[in-house]
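The sequence and structure come first.

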Amino acid sequence: MLSSGKETNGHSQVSSMESTCGDVNHLNKHACACVLAATIISAIFGYVTTVMAGALLFIKEELEISDMQVQLLAGILNACALPACMIAGRLSDYIGRRYTIMLSSIFFFLGSILMGYGSSFPILMIGRCIAGFGVGFALIIVSVYSAEISSPSYRGFLTSLPDLSINIGFLLGYLSNYFLGKLSLRLGWRIMLAIPSIPSIGLVILMLQLVESPRWLVMQGRLGDAKKVLLLISNSKQEAEQRMKEIKNAVGIDENCTQNIVHVSKKTRSGGGALKEMFYKPSPHVYRILIAAIGVHIFQNICGVEGIFLYSPRIFGRMGITDKGTLLLATVGIGISQTLFTLLSCFLLDKIGRRILLLVSSGGVIFSMLGLCVCSAIVENSKLGEEPLWAIIFTIIVIYIMAGFNAIGIGAVTWVYSTEIFPLRLRAQGLGVCVIMNRITNVAVVTSFISIYKTITLGGTFFLFVGTNVLGWWFYYSFLPETKGRSLEDMETIFGKNSNSEVQMKYGSNNA
């Protein structure tokens, strides 16, 4: 276990890049534009995930499917994301980050068209499964691309933009539920599910205009192309040169090499050996990185928040709200809360750090869940139609508060933290492993949520999630060192490489 303590001399300095470059505190517009464009795929993922929350109400009515089929339709998206996660990291090391994003867009396009057709339950399952492949690629590659494009001083902000886009997608999904739900039963939910096909095709075209990750280009030996990209996404020539030197060192190329194209081993180009290094007798610092990265992804899902959001119309219905329009309108508030607090998190990540946000977020979710336990117990023990109005209102407010606490830390920091701590040679495939665990735990929560609350009541379910969130808070406190302000090439040192002492959890003001 890693323990907190005073900073060591080795960690008292910020990365060499920040100390030698020019105006590193200026946000590079080209880097920001690249990340914003790439995060369109994250918004599509967010929309596809939450639009099903409301669409299921109408699908269940028209197609007359059972609760078990509802759970399968909700969970198949992430189940089918698993095989994509298994190959996305290695594939992005082989064909590049841009083309992997384009491939994800194509999967979303095909899946959305098929779900929009939606003539039967099997067709919906197939379309949802195809979209799941898009999810698997999107979850990995956008975070990797964003981290590798960004400079250390704004990496927290830029790498959190995919999560902000996901939450914007969530909000658009809830709004789509509310407004398109007013259309005819046969037409409304089909339009909801078909909408992502439009931005998916647009993103394929847009990605052709964007730059490739300079770190991937160096891995391919294309030093000349990487230098051109770094000059675009850096604020000065000196910053670009310093970043180039650090990337060369990480790949194993002489930092004084001036050739435009160099030979690198096939293993380096394709990311070969990454899984072996992580799982077969990993070094102590790689082992710590792996535990930290996988842990944040597991706790992001077993905290139960996504299950509550996905089935929020059902939860509000159990609380006594019966009108479909009112149910869907109540879910819009969840999307608004998530989006606003994720936006706030974007600006706080590089100011107060990742670890503090996770601890505040987890603590807030714990207390919110306790509030839901009390309210749901009161409502469930009331006679049908006589539920206390204050308890219903309080439940809605607490869910909105929980959405905010989740978004400001657990939602946003998970992806930033797990993306940035892996060394370049392990990053894409390491994040792939994390996302596999993320989707496994997500499927477990989503596909069992209805069955669990029918067995132990909603109050019992919320209390169960209180326990998992307490474990999560302990994990964040005990195992995660702070990473704000450090370069990507610095992460192995933070987790103990070439250090005889334990990794320190807190850093002084010099690291800000």
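## Nonpolar surface patch

In this predicted model, a nonpolar patch on the surface is formed by Ile352, Ile356, Val360, Leu389, Ile393, Ile397, Ile401 and Phe405. Together these residues have about 670 Å² of accessible area. Two elements, α19 (354-380) and α20 (389-420), each give two or more residues to the patch. The largest share, five residues, is that of α20.

Ile393, one of the patch residues, lies in helix α20. Is Ile393 buried or partly exposed? Its relative accessibility is 42%, so Ile393 counts as partly exposed, the class between the 20% and 50% limits.

## Domains

The protein chain is divided into domain 1, residues 28-266, and domain 2, residues 270-497. Taken over C-alpha atoms, the centres of domain 1 and domain 2 are separated by 20 Å.

How many residues of each domain are in contact with the other? On the domain 1 side there are 58 residues, and these are in contact with 60 residues of domain 2.

## The disulfide

One disulfide is present in the structure. It joins Cys80 to Cys129, with an S to S distance of 2.1 Å. The pair links distant parts of the chain: Cys80 belongs to helix α4 (residues 67-95) and Cys129 to helix α6 (residues 121-149), and the two cysteines are 49 residues apart.

The angle about the S-S bond is -90°, and the link of Cys80 and Cys129 is left-handed. The two partners fall into separate accessibility classes: Cys80 has a relative accessible area of 9% and is buried, while Cys129, at 21%, counts as partly exposed. The limit for a buried residue is under 20%, so the 21% of Cys129 places this residue in the partly exposed class.

A disulfide requires the two sulfur atoms to be within 2.5 Å. Cys346 is buried, with a relative accessible area of 1%.

Cys434 is also in no disulfide. The nearest cysteine sulfur to Cys434 is that of Cys85, 10 Å away. With a relative accessible area of 0%, Cys434 is buried.

Conventions. Residues are numbered from 1 along each chain as its sequence is written. This is a predicted model: local features need pLDDT of at least 70, side-chain atom pairs count only at pLDDT 80 or more; totals for chains, interfaces and linings use all residues. Side-chain values use heavy atoms; hydrogens and water are left out. Helices (H or I, at least four residues) and strands (E, at least two) are DSSP runs, numbered from the N terminus. Buried means under 20% relative accessible area, exposed over 50%, partly exposed in between (1.4 Å probe, protein chains only). Patches are made of residues with over 30% relative accessible area and no salt bridge: like charges are joined within 9 Å, nonpolar side chains (Val, Leu, Ile, Met, Phe, Trp, Tyr) within 5 Å. Accessible areas come from the Shrake-Rupley method with a 1.4 Å probe; for residues, only the protein chains shown count as cover. A salt bridge is a side-chain nitrogen of Lys or Arg within 4 Å of a carboxyl oxygen of Asp or Glu. Domain bounds come from an automatic or database domain assignment. Contact means heavy atoms within 4.5 Å.
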